[in-house]
Amino acid sequence: MKTSHEFPLVHRLIHWGLAFAMLVMLLTIFLRLGWMEKNHMAAIIQQGLAKISVTIDSKQAVSIAKMIRGEMFQWHIYFGYAVGVFLSARFIYMAKCGLHYLSPFNPLASLQQKMQAWVYWLFYLGVTASIMTGLLLKFGPESIEELAETVHKLALWYFIPFIVLHLAGIVFAEAGHDKGIVSKMIGGKS
């Protein structure tokens, strides 16, 4: 089944809004796991204070580090809400427009299109789980916090492979039968 890849403005706004929001969230995760990791930051704080002859213990330095990165991590929460809005808009848009090419059960779809659809639906399932567990972490009962946090942290394991598959798919599409797909996703038409 050949699909027409002309993307209306609403489709493109949802796509790029979701992509941007998720990339900001990914940046906050990498900052939190890397350079802004609390023990790493605590060591930097202690070293900096030692240069001006101020000494604090590790517990105090970690407390300061948590305050600093807590401000940064608020962006993770704000953009998490944005992801929820964009994903909801995506589902509403798909239901309204009947985007059959995203159905893995479409009998007219090729095997490649069915595989692409499965990848997208697995991605949407993962994003939905991330949103739900994020909301549970923010507003849910303390009794399920540990489980919700564990599931929420697993998001990295579906998101990174999806980005890689998505980018590889773009390269293959541009090199093959869908030349100009990037231009169409930016401008609507080639």
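The questions and answers below concern a predicted model.

User: How far does helix H6 reach from its first C-alpha to its last?

Analyst: H6 covers residues 156-175, which is 20 residues. At 1.5 Å a residue, 28 Å is expected. The span in the model is close to that, at 29 Å.

User: Why do the buried residues of H6 count as being on the same side, and what arc do they cover?

Analyst: The buried residues are Leu156, Phe159, Phe162 and Ala173. They lie on the same side of H6 because their arc around the axis is only 130 degrees.

User: Which residues of H6 are exposed on the other side?

Analyst: Buried residues of H6 include Phe159 and Phe162. The other side of H6 carries the exposed ones: Trp157, Val164, Leu165, Val171, Phe172 and Ala175.

User: Which helices do the buried residues of H6 pack against?

Analyst: Leu156, Phe159, Phe162 and Ala173 are the buried residues in question. Their packing partners are helices H1 (9-33), H4 (111-139), H5 (145-153) and H7 (181-187).

User: Which side chains meet in a salt bridge, and at what N to O distance?

Analyst: Side chains of opposite charge can pair when their charged atoms come close. The structure holds one salt bridge. It joins glutamate 149 and lysine 153, with an N to O distance of 3.3 Å.

User: Where do glutamate 149 and lysine 153 lie?

Analyst: The two are four residues apart, about one turn of the helix. Both are in helix H5.

How values were computed. Residues are numbered from 1 along each chain as its sequence is written. This is a predicted model: local features need pLDDT of at least 70, side-chain atom pairs count only at pLDDT 80 or more; totals for chains, interfaces and linings use all residues. Side-chain values use heavy atoms; hydrogens and water are left out. The expected span of a helix is 1.5 Å times one less than its number of residues. Buried means under 20% relative accessible area, exposed over 50%, partly exposed in between (1.4 Å probe, protein chains only). The arc is that of the directions from the helix axis to the C-beta atoms. Contact means heavy atoms within 4.5 Å. A salt bridge is a side-chain nitrogen of Lys or Arg within 4 Å of a carboxyl oxygen of Asp or Glu.
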